[in-house]
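Visitor: Could you walk me through a bit of this one? I'd like plain answers.

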Amino acid sequence: MKNKILILILLNLLTFSYANECIDMQSFRKCKISFYCNDNITEVQKNIQENLNFLSSQKENLSEELYLTLENNLVIEKINFSPETDESKKEIYLLLNNQSVKNDLFIKNKNIKKLSNEYLVSIADLKTRMLNFLTSTKMYSESMAIKDLYLTALKNNKKFSNALLGYGLWLYFAPPIVGGGHQESLKKIIEAEKNAIYDEDLYFILLYKSQLLFVMNRMDEYKKTLEKAHNLIPSEVFIKDIEEINEKGTVFFN
C-alpha cells in the first residue's frame, strides 16, 4: 500500500513538473503567456533557455515534428526577448540559420500538406524573422514561401487562428499588387479573432489587431482592443510596452 501511495506521489510531482515545461502546444501556450507576464527581461530570457534545455532533454520522447514545432516557437520567443545590439543580431542570424537547416532537413521529400498546421505556421513565423537578413531578391522568394505555408495550413483548416493571424500579418507588409494592404490584413486578423480557441492565442491576436487599428488611426477601437487583451490576461505586462512604442508613432512588430 505504501509503495502504491509513493508511486502516486511521484506521478503527481512529475505531472506538475511537466505542466511547467513545454512538452506540447498547450503547455507552450502557458509558457509563452508567462513570458509576457514578467517585466524582468533577464528572468524571461533565462526561462526561455531553460525551456529549450528541457525540450532538448525530452527529444527522444517526442515525435520529430512536435519537437521542431516547439523548438521553432521557443526560438522565436528567444529572439523576441533578445537585446537590440550588433552582437545579438549576429547571434539571432546564427540561431535562425541553424533552425532553418533543421526544418529544411526534416521537410525534405515530405508532403507539406500532411504536416501539422502548428508546425507549418511555426516554420512560416520563423522565416519571417529571417527576412531582415536577406537580399531583396531572396527576400521576395522567401516571402512567397511564407505565404504558401500559411495558405497550406488554411487549406487544411480554414479556421486555424494562428495561420489566419500569420497570413494577416503577411498581407500587412505585402504590396496591393499581390492583395496586400491594411484593410485586407485587418480582415484576416478579425477572422483569426473570431476563430481563436484559446485565450492565450486570442491575447496575441488582439495585440496585433490593436496595432493595425493604430496604424489606420482608429484610435477608439485601438484602445478598446488593448483593454480587451488586458482583461483577458490581467497579469500581462506587455501592453504598457506597446503603448510606449505607439506613443513614438510606430508599432511593436515593425
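Guide: Helix α4 is largely enclosed by the rest of the structure, because twelve of its 17 residues are buried (buried means under 20% relative accessible area, exposed over 50%, partly exposed in between, with a 1.4 Å probe and protein chains only). This is a predicted model, in which local features need pLDDT of at least 70 and side-chain atom pairs count only at pLDDT 80 or more, while totals for chains, interfaces and linings use all residues. Residues are numbered from 1 along each chain as its sequence is written, and side-chain values use heavy atoms, with hydrogens and water left out.

Visitor: What do the buried residues of α4 pack against?

Guide: They pack against α2, α3 (41-57), α5 and α6. Contact means heavy atoms within 4.5 Å. Helices are DSSP runs (H or I, at least four residues), numbered from the N terminus. Among the buried residues of α4 are Tyr67, Leu70, Leu74 and Ile79.

Visitor: Take α4 and α6. At what angle do their axes cross?

Guide: Roughly 30 degrees, and the axes of α4 (residues 64-80) and α6 (residues 117-130) come within 9 Å. Axes are lines fitted to C-alpha atoms, for helices over the stretch in contact, and angles run from 0 to 180 degrees between N-to-C directions. That makes α4 roughly parallel to α6 (angles under 35 degrees count as roughly parallel).

Visitor: Which residues of α4 and α6 make the contact?

Guide: From α4, Glu65, Leu68, Thr69, Asn72, Asn73, Val75, Ile76 and Asn80; from α6, Glu118, Tyr119, Ser122, Ile123, Asp125, Leu126 and Arg129. The residues of this contact divide into six nonpolar, five polar and four charged. Ala, Val, Leu, Ile, Met, Phe, Trp, Tyr, Cys and Pro count as nonpolar, Asp, Glu, Lys and Arg as charged, and the others, Gly among them, as polar.

Visitor: How many of the 14 residues of α6 are buried?

Guide: Eleven of the 14, so α6 is largely enclosed by the rest of the structure. What covers the buried residues of α6 includes α2 (25-35), α4, α5 (86-107), α7 and α8 (161-173).

Visitor: Different topic. Where is threonine 152, and is it buried or exposed?

Guide: Threonine 152 is in helix α7 (residues 136-156). It is buried, with a relative accessible area of 16%.

Visitor: What is threonine 152 in contact with?

Guide: Leaving aside its neighbours within four places in sequence, threonine 152 touches Ile112, Lys113 and Leu120. Leu120 is one of the buried residues of α6. Valine 121 is 31 residues from threonine 152 in sequence and 9.3 Å away in space, C-alpha to C-alpha.

Notes:
Helices (H or I, at least four residues) and strands (E, at least two) are DSSP runs, numbered from the N terminus. Angles under 35 degrees count as roughly parallel, over 145 as roughly antiparallel, 65 to 115 as roughly perpendicular and the rest as oblique.
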